[in-house]
Amino acid sequence: MSAMFEQIFQVGFLAAIIRIATPLAFATIGEMFSERAGVLNLGIEGIMLLSAMAGFTAASLGGSLWLGVLVAVLVGALMGALHALFTVALGLSQHVCGIGVTLFSSGLAYFLYRLIFGQQSVPPSIEGFKPVPIPLLSDIPVLGPAVFNQFTLVYLAILAIPLAAFVLYRTPWGLSVRMVGENPRAADSAGVSVITTRFQAVILGGALMGLAGAFLTMAQFNAFTFGVVSGRGWVAIALVVFGRWDPWRSAGAALLFAFVDALQLRMQASGLGHVPYEAFLMLPFIFTIIAMAFMSRNAVAPSALLKPFRREER
Amino acid sequence: MFRLEARTSTPAWFNLALPLIAIVVALVLCSGLIAVAGAGVIDAYGVMLSASLGDSYAITETLVRAAPMIFTGLAVAIAFRAKFWNIGAEGQLLAGAVASCAVGTIPMPGYLAMLLMALVGAAAGALVALVPATLRVKFKVDDVVSSLLLNSVIYYALMALIEGPWKDTFSGYPISPPIEDSANFPVLLEGTRLHIGVVVALIAAPLCWFLIARTTLGFRIRVTGENPEAARYGGISVQRVLLSTALLSGALAGLAGVGEVGGVHFQVMSDISPGYGYSGIVVAMLARLNPLGVVPAAIFLAAVMTGAEAMSRATGVPAFLSDVIQGTALLAMLVALLFTAYRIRRVGASA
């Protein structure tokens with residue numbers, strides 16, 4: 001047991017948790033904004049994939065990583081707008097539209113990637129982001145090198161959590177988002193445009209999903225492969241439920257998931273007995289399902305989630 | 001200004017034309033990508049058409065590919081009718097494939113093997129579908145998310161099998177042992193891959209239609225989906241209906257896997273399904289959740305998939321175009337569906 005604790009509190013292990021949690025935190029907060037406004041975005045898996053591809057392509061052709069990040073965010077926002085067009089403006093089924101957006105954007109990602117890079121036995125890679133140590137803070141024993149010697153995008157994710165909480169709970173726009181997600185009629189009567197606010201929230205959510213995708217291909221793997229997102233989008237949706245639609249709790253859920261994932265990676269590496277490595281790969285997904293079973297009973301979703309709003313229909 | 005206005009009735013021709021309009025819109029939109037790839041749009045679609053439906057062999061290949069999508073399309077259509085959001089047909093298909101393959105490797109008379117493969121495969125799919133349904137009924141877990149997450153779990157379980165106990169020690173490839181020759185599904189036309197499972201899929205569609213449209217269970221499924229409150233008031237146990245729907249839906253998706261093992265691959269490998277479970281959603285929506293519509297919808301998608309490979313070889317346009325067409329067709333169909341309930345009316349111009 002003490003050996004296990006030693007493992008856990010190693011710098012490398014803590015750093016791995018932070019790195020795994022970063023794209024999940026972006027994606028989860030993005031999905032949370034969307035759902036808080038009343039729109040479930042099942043397009044997340046595809047949006048992350050297309051953004052990851054677009055960011056990688058821009059970075060490798062344009063030569064600048066930050067250009068790649070910008071492109072990924074723009075693509076994410078654009079796909080968010082597409083989902084909003086279908087679900088908010090036209091009021092179509094959020095479930096099915098989300099799956100449609102995922103099918104469309106992952107198909108497009110693979111199509112364009114193959115078109116641009118052709119078929120190669122080894123996927124082309126880029127020189128990704130390098131860790132940037134923060135002076136003084138990175139000197140803190142254990143915690144310093146793990147948390148404060150990271151990619152800039154990691155710091156951005158850490159900042160995004162309090163920022164998201166501030167925006168959601170302390171700004172007029174955040175109030176509008178919560179209103180249109182809880183009681184769109186009341187919001188409408190109070191002069192808040194339900195359609196506009198929902199569009200903004202879903203687009204912001206898409207942009208954050210784009211950041212998540214950018215992290216995968218420009219900091220974590222430095223290449224685009226077909227399994228680069230591999231269910232992280234779906235996990236983020238579960239983490240929103242697990243985090244009860246709150247930025248802090250959602251980020252905490254992302255950290256917890258990252259902990260389980262990092263643990264399974266460690267156990268895989270240590271060659272624990274004769275357990276097949278797939279059993280470890282399954283673990284985070286099973287963990288998420290079980291966690292949802294525990295959390296969902298008391299979870300209170302935004303009451304207008306999944307419900308389209310049409311002003312004429314009262 | 002334009003405004004959506006509720007329709008009081010929908011013209012009959014409109015209902016039939018809808019999927020066709022959606023498909024044409026998808027094909028037109030995707031022609032932009034063909035142009036970007038530097039190929040002639042007419043040429044590319046021409047190659048797709050002739051390679052998928054141009055001669056009798058092409059037609060059999062398209063039908064073989066349509067079979068699993070008929071099953072997953074039916075699985076999704078029936079589930080969605082009850083508003084059981086089963087996005088897990090992919091995992092249920094894989095479970096059906098693994099289970100039927102395990103049965104198929106046991107030596108026994110061919111007809112018995114095939115029957116058992118179908119039964120066990122369907123049961124495996126049903127069992128997997130029962131998980132998200134139970135979680136929803138007992139713990140209020142969102143069925144979309146749990147069925148999606150289960151897909152990954154089942155996939156890794158399959159990988160563990162074919163890289164572990166099932167791994168071919170001779171070649172070292174991660175594939176399962178082949179099923180017994182006697183368990184291979186009979187081929188209907190010599191020189192083609194048209195196997196008996198395709199016929200079963202084609203028969204399953206009208207059976208499912210009968211079930212939904214003419215039986216008590218079908219009635220309960222429809223009422224539960226349309227208005228759970230009314231269903232409850234009418235003495236229908238919504239929970240039981242959801243569980244039965246899940247069993248039925250999962251069994252159908254499992255049969256998709258059985259057909260792939262018994263009729264096409266004769267073993268299990270990691271890419272046994274190129275996403276047939278997800279295509280099932282597109283099929284079901286194009287069919288407007290009507291089991292009879294599933295057959296033409298599946299054949300259309302199968303033709304796109306078969307044709308895309310030939311198009312890719314002939315014109316260099318990446319075959320992933322078929323995935324984009326699928327996604328676009330689904331979105332176009334959803335928009336088209338809007339116009340069955342609403343019409344566009346110009347407002348404010350004269351007022």
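# Briefing on a predicted two-chain model

The crossing of helix α11(A) with helix α6(B) is left-handed, and the contact that forms it is made by Trp234(A), Val235(A), Ile237(A) and Ala238(A) on one side and by Val145(B), Leu148(B) and Leu149(B) on the other.

**Where chain A meets chain B**

- Sorted by class, the residues in the contact of α11(A) with α6(B) are 7 nonpolar ones, with no polar and no charged residues.
- Of the area that chain B buries against chain A, 17% is supplied by Leu149(B), Tyr156(B) and Phe320(B), which is more than any other three residues supply.
- Glu278(A), placed in helix α13 (residues 277–296) of chain A, reaches across to chain B, where its contacts are Tyr156(B), Met159(B), Ala160(B) and Glu163(B), leaving aside neighbours within four places in sequence.
- Glu278(A) counts as buried because its relative accessible area is 2%, which is under the 20% limit for that class.
- Within chain A, Glu278(A) and Gln268(A) are 10 residues apart in sequence, and their C-alpha atoms are 9.0 Å apart in space.

**A helix pair within chain A**

- Helix α4 (residues 65–89) and helix α10 (residues 194–220), both of chain A, pack at an angle of about 145°, and their axes are 6 Å apart.
- The crossing of α4(A) and α10(A) is right-handed, and the contact has 18 nonpolar, 6 polar and 1 charged residues.

**Nonpolar cores**

- The largest nonpolar core holds 218 residues, and those that touch the most other members are Phe224(A), Phe80(B), Leu149(B), Val268(B), Leu321(B) and Leu330(B).
- Helix α3 of chain B (residues 56–81) provides the largest share of this core, with 13 residues.
- Leu321(B) touches Phe111(A) in the other chain as well as Cys30(B), Leu33(B), Ile34(B) and Met311(B), when residues up to four places away in sequence are not counted.
- There is also a second, separate core of 7 residues, which includes Ile17(A), Ala21(A), Ala262(A) and Leu263(A).

**Buried threonines in helices**

- Thr245(B) is found in helix α10 of chain B (residues 238–265), and it is classed as buried because its relative accessible area is 0%.
- Apart from residues up to four places away in sequence, Thr245(B) touches Ile78(B), Ala79(B), Ala82(B) and Ile221(B).
- Thr57(A) belongs to helix α3 of chain A (residues 44–62), and it too is buried, with a relative accessible area of 8%.
- Beyond its neighbours within four places in sequence, Thr57(A) is in contact with Gly62(A), Ile116(A) and Phe117(A).

**Residues in loops**

- Ile140(A) has its place in the loop between β1 (132–133) and α6 (143–147) of chain A, and it counts as partly exposed because its relative accessibility is 33%.
- Ile140(A) touches Pro145(A) and Phe148(A), not counting residues up to four places away in sequence, whereas Ser121(A), 19 residues apart from Ile140(A) in sequence, is 43 Å apart from it in space, C-alpha to C-alpha.
- Gly38(B) is found in the loop between α1 (12–36) and α2 (41–53) of chain B, and it is exposed, with a relative accessible area of 65%.
- Although Gly38(B) and Val317(B) are 279 residues apart along the chain, their C-alpha atoms are separated by 7.8 Å.
- Trp245(A), in the loop between α11 and α12 (247–269) of chain A, has a positive phi of about 55° although it is not a glycine, and at 5% relative accessibility it counts as buried.
- Lys140(B), in the loop between α5 (110–139) and α6 of chain B, also has a positive phi, near 60°, in a residue other than glycine, but at 61% relative accessibility Lys140(B) counts as exposed.

Technical notes. Residues numbered from 1 in each chain as written. Chains lettered and ligands numbered in written order. Predicted model: local features only at pLDDT ≥ 70, side-chain atom pairs only at ≥ 80, totals over all residues. Heavy atoms only, no water. Left-handed = near helix turned anticlockwise from the far one by under 90°. Helix = DSSP H or I, 4+ residues; strand = E, 2+ residues; numbered from the N terminus. Contact = heavy atoms within 4.5 Å. Nonpolar A, V, L, I, M, F, W, Y, C, P; charged D, E, K, R; others polar. Core = buried A, V, L, I, M, F, W, Y, C linked by side-chain atoms within 4.5 Å. Buried < 20%, exposed > 50% of the residue type's maximum accessible area, 1.4 Å probe, protein only. Buried area = accessible area lost by both parts, 1.4 Å probe. Axes fitted to C-alpha atoms, helices over the stretch in contact; angles between N-to-C directions.
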